[in-house]
Amino acid sequence: MNATTLLIRKDDLSATRVRADDDAPLADGQVRVRIDSFALTSNNITYAAFGESMNYWQFFPTGEEGWGSIPVWGFGSVVQSLHPGVAVGERLYGYVPMASSVVLTPERLSAARFTDGAPHRAALPAVYNQYFRAASDPLYSADTEDLQALLRPLFITSWLIDDFFEDNDFFGARPGIALLSSASSKTAYGTAFQMHQRPGIEVIGLTSSANKAFCESLGCYHRVLAYEELDQVAADAPCVYVDFAGNGELRRAIHTRFTQLKYSCSIGGTHVEQLAASGSGKDLPGVRATLFFAPAQIKKRTGEWGGDEFGRRMVEAWRNFIAQVTRPAAPWLVAQHHEGPEAVQAAYAQVLSGRGDPRTGHILSLSRASS
C-alpha cells in the first residue's frame, strides 16, 4: 500500500501538490486507518490561515519545509493494527490529515473513544486528539456520516460560542443584538440556531448580497442584512459581534458604528485575503476584539458540569440541530462528493476561493478504497 497526501504551501495557501509515499511499518501499539472520507469547509481554511500562530500545522507534520497538511474531520476504518484494544475493521471519526491514511497510537481507551498518543501531539489541545469509536458514539449514525463530517465539529463550536455568551449574560447586551458575520457559513448558522432560542437576543446575520436569500431561508436569523446594509441597525443598540469572516474592514466598521458594542469575538476567517487588513490590530475603537478558543470553554464546562452532563447537553443540541438541517422539504445542506487527487485539489481551490453554493457541502476522499 501507499499513502496519498495533499500538501499545501504554508505561505501560499493556493499552492498545492499531491505526494505519494510507501506505507511505513507500524510500531507496536500503532494502528493504520484508511481515511474513507473527510469534509472540507471554510473552517479548515481558517486552520491553515492560523496554522503557525495556533499550531494547526503541527498535528500532521509533513517532513517538508514550507509544506503542510491541513487538519480535517472525517471517517476512517482500521486496516492494520498492532494494538490489542483496536480491531481491524473498526470505524472511527476524528481529526485527520488530507490524506488517504493516517497512523495513530491509541491511548486512554474507553468504549467510546481513544486518544492519539503520538509524542508530537502531546502538547496540542486534547480535544483534537480524540478519536470516536462509531460502535459506541452517541452522535454517530451510519446514514448521516456526510453531515457529521461537515457539521459536527462546526456545530460543537457553534454550541460552545452560544454557551460562552449565555454564560457571560451576553456581556450586558441583553436585551440587545447579536451580529454574526459570514452568516451563510456553517458555524455561523449553527450559532444562530442556538442563539435564536435565547430570550432578549435579536440575531442578525450579515452576509453578501448573493447569499442573503439563502440565509433568510434558514429561519434561524431574526434579520439578515447585506454587509452594505449595516446602517439599518441602530448605532446605539446594545450588541455583541461574532466575527466568522475575519474581514478587517467590516470589523472596523462595526467597532466604529456601534457605540454600545459590549463584546467583539473573532472565530475564524472565511475571508482569508483580508485577515491582516485594517481592523485586525489593537487600534480598533471600543472593546478589544478577542479570539474565541473552543477548547477553553470545553475545559470550563466539563469542570463545572462533569463530562457526562457536558456530553448529554451536547448530544441533545446536536440532535435538535441535525433534525432541522435535514428537513426533507428544505434541507440546509446537501453533500457533494469529490474522489481522487485531481477532484480533491479542485474542491480545495473552490472552498479556498469562497465561491459556490452555500447549500453544498464538500466530502472528499483520497482513498482508492472509496473511489
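**Close-up views of the predicted model**

**View 1.** Six nonpolar and three polar residues, with no charged ones, make up the lining of the second largest cavity. The structure shown here and in the views that follow is a predicted model. This cavity has a volume of about 30 Å³. Its lining residues are Ala39, Thr41, Asn43, Asn44, Trp73, Ala149, Leu150, Pro153 and Leu154. Two or more of the lining residues come from each of H1 and helix H2 (145-167). H2 provides the largest share, four residues.

**View 2.** The largest cavity holds about 40 Å³ of space. A search of the whole structure finds two cavities of 30 Å³ or more. The largest cavity is lined by Val33, Gly74, Phe75, Gly76, Leu92, Tyr93, Gly94, Val96, Val102, Leu104 and Tyr131. The elements that give two or more residues to this lining are strand E5 (71-81), strand E6 (91-97) and E7. E6 gives the most, with four residues. Eight of the lining residues are nonpolar and three are polar, and none is charged. Rolling a probe the size of a water molecule over the atoms shows where empty space is left.

**View 3.** Tyr131, a residue of strand E10 (residues 130-133), is part of the lining of the largest cavity. With a relative accessibility of 1%, Tyr131 counts as buried.

**View 4.** Glu90 sits in the loop between E5 and E6. Its relative accessibility is 17%, so Glu90 counts as buried, the limit being under 20%. When neighbours within four places in sequence are left aside, Glu90 is in contact with Gly76, Ser77, Val78 and Arg133.

**View 5.** Two or more lining residues come from each of E1, E2 and strand E7 (101-104). E7 supplies the largest share, four residues. By class, the lining has 14 nonpolar, eight polar and seven charged residues.

**View 6.** Arg17 belongs to strand E2 and is partly exposed, with a relative accessible area of 28%. Apart from neighbours within four places in sequence, the residues in contact with Arg17 are Thr5, Leu6, Leu7, Glu64, Trp67 and Gln345. Leu6 is 11 residues away from Arg17 in sequence, and their C-alpha atoms are 6.0 Å apart in space.

**View 7.** Helix H8 spans residues 341-353, and its end C-alpha atoms are 18 Å apart. At 1.5 Å a residue, the 13 residues of H8 should span 18 Å, which agrees with that distance. Val344, Ala347, Tyr348, Val351 and Leu352 are the buried residues shown in H8. They cover an arc of only 135 degrees around the axis, which puts them on the same side of H8. An α-helix has 3.6 residues a turn, so residues three or four places apart point the same way. The buried residues of H8 pack against strand E1 (2-9), strand E2 (12-22), strand E3 (31-40), helix H1 (42-49), strand E17 (334-339) and strand E18 (360-365). Just after H8 comes Gly354, with a positive phi of about 80 degrees.

**View 8.** Helix H3 (residues 186-195) is mostly covered, with 10 of its 10 residues buried. The buried residues of H3 are Lys186, Thr187, Ala188, Tyr189, Gly190, Thr191, Ala192, Phe193, Gln194 and Met195.

Definitions and conventions: Residues numbered from 1 in each chain as written. Predicted model: local features only at pLDDT ≥ 70, side-chain atom pairs only at ≥ 80, totals over all residues. Heavy atoms only, no water. Expected span 1.5 Å × (residues − 1). Buried < 20%, exposed > 50% of the residue type's maximum accessible area, 1.4 Å probe, protein only. Arc of directions from axis to C-beta. Contact = heavy atoms within 4.5 Å. Nonpolar A, V, L, I, M, F, W, Y, C, P; charged D, E, K, R; others polar. 1 Å grid on protein atoms, 1.4 Å probe; cavity = no way out; pocket = protein on both sides within 12 Å on 5 of 7 lines; lining within 4 Å. Points joined across faces, edges and corners; volume = space filled by probe spheres on them.
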